[in-house]
Each structure stands twice: as structure tokens, then as C-alpha cells.
Amino acid sequence: MEERILLPVMRSWWWSAAGVWLYAATLWVGSALTLLGQRNPEIAVDVALADSRVPALVILSEGIHYAFGPVGASALVVIICAYLLWIRKKPAQALAFALIVGSGWLAATLAKMLVARPRPSAASLHPVIAETGYNSYPSGHTAFAAAFVVAVVLVLARSRKAQLASLGAGAVFVVVVAFSRVYLGVHYISDVTASVLVVTAALMMCAPVWNTVLVSRLPAGQPGKRAG
């Protein structure tokens with residue numbers, strides 16, 4: 001029998017309200033930064049990194065770019081959910097994993113469209129990869145990394161020791177992905193920071209829905225354990 005997955009302590013609908021507020025605040029900050037345009041003082045960090053690029057870090061950053069882009073990231077999530085669903089026979093875990101990653105990623109995609117922040121100046125940074133358009137804020141790669149780590153910690157890591165280990169390794173993973181986006185010259189620091197906030201807001205909005213609505217409609221199984 002499968003145990004129910006309960007997302008940590010977030011049962012009250014006030015969590016959803018707080019998540020909406022955090023999401024709106026993050027969008028407001030992004031809109032304010034967009035108005036600054038290329039006058040944003042953050043560009044100095046991007047220029048400094050661009051002027052000090054080394055081949056090894058460029059290769060690492062490019063690898064992250066392609067491995068965790070839309071195709072690679074989607075494939076990874078599908079593989080994990082398929083494993084949970086058909087091999088482990090745990091549909092609740094598969095659904096929870098997909099919900100966490102999908103909601104975080106979707107929230108970032110929506111934020112990109114609403115804020116419509118231009119990418120950093122290509123003339124100043126000479127970006128390593130071609131990323132253009134008004135979709136700089138937040139970083140999709142970083143949002144996926146953050147959402148993926150949250151899903152691993154809350155769904156796959158079922159013991160306290162495993163959760164702490166996953167959280168530590170995951171934090172490093174998110175920082176490396178975030179750094180790679182700035183290092184390649186396609187994002188500001190505020191873009192990658194906003195990704196973590198957007199994913200947090202998405203989790204806050206979705207957790208009460210899962211805990212009070214969805215999980216009760218799944219097979220009862222064994223008593224659930226709180227992750228966290």
C-alpha cells in the first residue's frame with residue numbers, strides 16, 4: 001500500500017494567499033527592474049564575469065544550458081514520474097513530483113510573459129549562447145533546478161537524513177545553475193534570484209490544494225508522513 005505524500009505543514013489556505021502575495025511582489029520587483037533597462041547597476045556584475053570567462057566554466061555552463069533546457073528538463077521529469085508510476089507503483093508520488101516541478105516551472109514561465117524583461121545587452125556581454133527576447137526575468141533554468149530540488153526533497157527523500165542530504169546537494173545544484181546563467185551572459189543576478197522566489201510562491205499556493213483536496217481523493221494506503 002502506498003503512503004500519502006503530505007507537503008510540509010502547509011494545510012491552511014492562508015499559505016495560498018501568502019504565496020499569491022509573494023508571487024505578486026516578485027513580479028512587481030521585476031517590472032521595476034525592467035523600467036531601469038540597461039541602466040540597471042547589475043550589469044556591472046555581468047560585465048565583470050564576461051571579462052573573466054575561462055574555457056572550463058564556459059563548457060560547464062553550456063552543458064547545463066542544454067541539459068536542463070525545456071527538452072532535457074521535461075525528459076528528466078517524465079523519466080522519474082514513469083519510474084515512480086510503473087516500476088515503483090506509487091502514483092501519488094509520481095503525481096506529487098510532477099505537480100511540484102510543473103507548478104514551479106509554469107509559474108516562472110508566466111512571470112516571464114508578464115514582466116517581459118529584455119535580456120542583458122549582448123553588445124556589452126558578448127553572450128556565449130544565443131538567448132534573445134523579453135523573457136529574462138526570471139530564469140527558467142534556475143526555476144526548474146529549484147523546483148526539481150524541492151520535489152526530490154519532499155517526494156523522493158523519505159527519511160530526515162535523506163532530506164537533509166538532498167537539500168544540501170540541491171542547494172549547491174541550484175547555485176551552480178544560477179551562476180551558469182549569469183556567467184553565459186543571458187541573465188541578471190535578480191533574474192536567478194527571482195526564480196527561487198517564484199518557485200517558493202508556487203509551492204505555497206499549491207500545497208494547500210494538494211493537502212486538503214487532492215490527497216484525500218487518492219487511495220488511502222498507509223498513514224502519511226510529513227516531509228519536513
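## Aromatic pairs in a predicted helical chain

Counting rings whose centres lie within 6.5 Å, the structure holds six aromatic pairs. The model is predicted.

- The ring centres of F68 and F173 are 5.3 Å apart, and their planes meet at 70 degrees. Planes over 60 degrees apart count as edge-to-face, so the F68 and F173 pair is edge-to-face.
- This pair joins distant parts of the chain, since F68 and F173 are 105 residues apart.
- F68 sits in the loop between α3 (55-67) and α4 (70-87), while F173 belongs to helix α8 (residues 160-183).
- F173 has a relative accessible area of 23% and is therefore partly exposed; the buried class covers values under 20%.

**The pair F144 and F148**

- In the pair F144 and F148, the ring centres lie 5.6 Å apart and the planes are at 35 degrees. Stacked rings have planes under 30 degrees apart and edge-to-face rings over 60, so this pair is tilted.
- Both residues are in helix α7 (residues 140-156), four residues apart, which means that about one helical turn separates F144 from F148.
- F144 is buried, with a relative accessible area of 0%.
- F148 is buried too, with a relative accessible area of 15%.

**The aromatic cluster**

- F68, F173, F144 and F148 are among the members of one aromatic cluster.
- The cluster also includes F97 and W105.

**Helix α7**

- The helix that carries F144 and F148 has 17 residues.
- From its first C-alpha to its last, α7 reaches 23 Å, close to the 24 Å expected at 1.5 Å a residue.
- Of the 17 residues of α7, 15 are buried, so the helix is largely enclosed by the rest of the structure.

**The chain as a whole**

- The protein chain has nine helices and two strands.
- Along the sequence, the order of these elements is β-α-α-α-α-α-α-α-α-α-β.
- The chain has 228 residues, of which 46% are buried.
- Among contacts in the chain with a separation of 6 or more, 85% are between residues 24 or more positions apart.
- The accessible surface of the chain is about 11,100 Å², and carbon and sulfur atoms account for 74% of it.

Key. Residues numbered from 1 in each chain as written. Predicted model: local features only at pLDDT ≥ 70, side-chain atom pairs only at ≥ 80, totals over all residues. Heavy atoms only, no water. Buried < 20%, exposed > 50% of the residue type's maximum accessible area, 1.4 Å probe, protein only. Contact = heavy atoms within 4.5 Å. Areas by Shrake-Rupley, 256 points an atom, 1.4 Å probe, with all protein chains shown as cover. Expected span 1.5 Å × (residues − 1).
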